[in-house]
Amino acid sequence: MDEENVRKLYINGEWIKPVNGETMPVINPATGETIAEAAAATEKDTEKAIRAARTAFDQGSWRSASAHQRAALLMELAAKIEEHQEDLAQMETANNGKTLKEARGDVAEAVKTFRYYSGLATKPSGETFETEAPLVSRVVREPIGVCGQIIPWNYPLLMAAWKLAPALAAGNTCILKPSELTPLTAIRLFELIDETGFPKGVVNLINGTGPSAGHSLVTSPLVDKIAFTGGTVTGKRIMKEAVSNLKKVSLELGGKSPNIIFADADYESALDYAAFAIFNNSGQVCSAGSRLLVERSIYDRFVQDLTEAAQKIRVGNGADPASQMGPVISKQHMEKIEKYIAIGRQEGAKLACGGRRLLDQGRDRGYFIEPTIFIDVDPQATVAREEIFGPVLCVLPFETEEEALGLANDSPYGLAAGIFTSDSAKAERMAKSIRAGVTWINTYEQNLVEGPWGGYKESGLGRELGTYGFEEYTEVKQIINTLKVEPTGWFAD
């Protein structure tokens, strides 16, 4: 490919080629075609980005910039994203495969995220404590320092916003590593960052694989914090590798979220959200409602109606306005999902619909999987316990509220949960008892920038979004002053 068309790395305020000149193909999962070439960062490139961020934090103007100056840059960046929102949405669809409707929603949320943290940058306040005179104690929050941020392929632009906005608002410097599968909107975001005028070295972009680019971020003693969104296995490895300098770590990891439908729920709403919770973004959502728990008295009817609804979902190229569900991200991921479907059958789960790769209507070149529903699933079956990260739903019946709660909590994960019932007391009892970081009542996948996002158990550490996400990028310092300056007299006779 023409060198001018290769997407480069952004380090210390400049677009540069990797030291070895290597590139990675960027694939459209709907067509299997290469749509771009992105620079592939090496360990040396990552080290260069780390040094740039370290220098910018330790010696540059960013750390001393006022909160109002940081807020102004974030607000300007939000405006630029909004100005180019349609181009960004189409780019996201071409690279990730999601429908344009979904991509447009992601871009709008990214704008909202940068605006929110622009406002929050000037709002945090410290604390003072009543202490014994003549001492005065106050607590302030300060930026952590250099932050390595590793984001996934399922929400490329939005995850970049979730990571960068709070970190920059707090006064940190950043190195962002997007997934090697979906770097395009992150690269376009950095073009807008460059136009906005952030100081050199404050925000850096490295494209590449985990071993070549991400590993150096995690192990470098010059990096103060790692923020990672992705799989639990990788998250555990990052925790182990980050001990080199005891860097701060926040992890937003996998899930096998229960969506609980009681017989007294608004039936049509519950049915609609049950489909949305698992087939939105082709099921490639960490908080997907992939375990559907349905009260026995409505189980058969609900399964039949949900199966009919799933079979009507129009699966196709996300760029086609008629498509309601796009492809999965890659051939490798498609094959992984197919293996899980085969395991489900082997372990005795009944396939209500789907289970196949779609090859007709020009879909043979892309990575399309039918909306798939397993029913009468053993709670201990592989497909009921492991995160598949695709359009595959497991439906389990329950008899009582206590049984539903037991099934919901019987998981190594604890990211999210849904509860559908018209009984508010029951909803509150369940919400209080479910071990999950986010619980929705009579809705699903309603994510708010103002509130915290994160999980229990193996779904991660720390929180993103809201004031909680801001605090993840700060250190707490106590400053003690005396109003009476005099010798201590400790060693006096």
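Start with the second largest pocket, whose lining splits by class into 16 nonpolar, 11 polar and eight charged residues. Here Ala, Val, Leu, Ile, Met, Phe, Trp, Tyr, Cys and Pro count as nonpolar, Asp, Glu, Lys and Arg as charged, and the others, Gly among them, as polar. A pocket is an open set of points on a 1 Å grid over the protein atoms alone, where a 1.4 Å probe fits, with protein on both sides within 12 Å along at least five of seven lines; lining residues have an atom within 4 Å of a point.

Before you click on, note that this is a predicted model, where local features need pLDDT of at least 70 and side-chain atom pairs count only at pLDDT 80 or more, while totals for chains, interfaces and linings use all residues. Residues are numbered from 1 along each chain as its sequence is written, and side-chain values use heavy atoms, leaving out hydrogens and water.

Still at this pocket, select Glu102, Phe276, Asn280, Asn281 and Glu445, which lie nearest its centre among 35 lining residues. The volume is about 980 Å³, taken as the space filled by probe spheres set on the grid points, which are joined across faces, edges and corners.

Next, jump to the largest pocket, with about 1300 Å³ of space. Pick Trp153, Phe228, Gly230, Gly231 and Thr234 to find its centre; the lining has 40 residues. Colour α8 (232-241), the top contributor with seven residues. Helices (H or I, at least four residues) and strands (E, at least two) are DSSP runs, numbered from the N terminus.

Now go to Ser250, in strand β12 (residues 248-252). Ser250 counts as buried because its relative accessibility is 9%; buried means under 20% relative accessible area, exposed over 50%, partly exposed in between (1.4 Å probe, protein chains only). Show the side chain of Lys225: it makes a polar contact with the Ser250 side chain at 2.8 Å. That term means a pair of N or O atoms within 3.5 Å; within protein, one must be able to donate a hydrogen and the other to accept it, and residues adjacent in sequence count only if both atoms are side-chain atoms.

Last stop: strand β16 (residues 372-375), where Thr372 and Phe374 on one side and Ile373 and Ile375 on the other are all buried. Strand β15 (residues 350-353) runs antiparallel to β16, joined by three bridges, and Leu351 has Phe374 as its bridge partner. Strand β17 (residues 392-398) pairs with β16 in the parallel sense, also over three bridges; two strands pair if DSSP finds at least two bridges between them.
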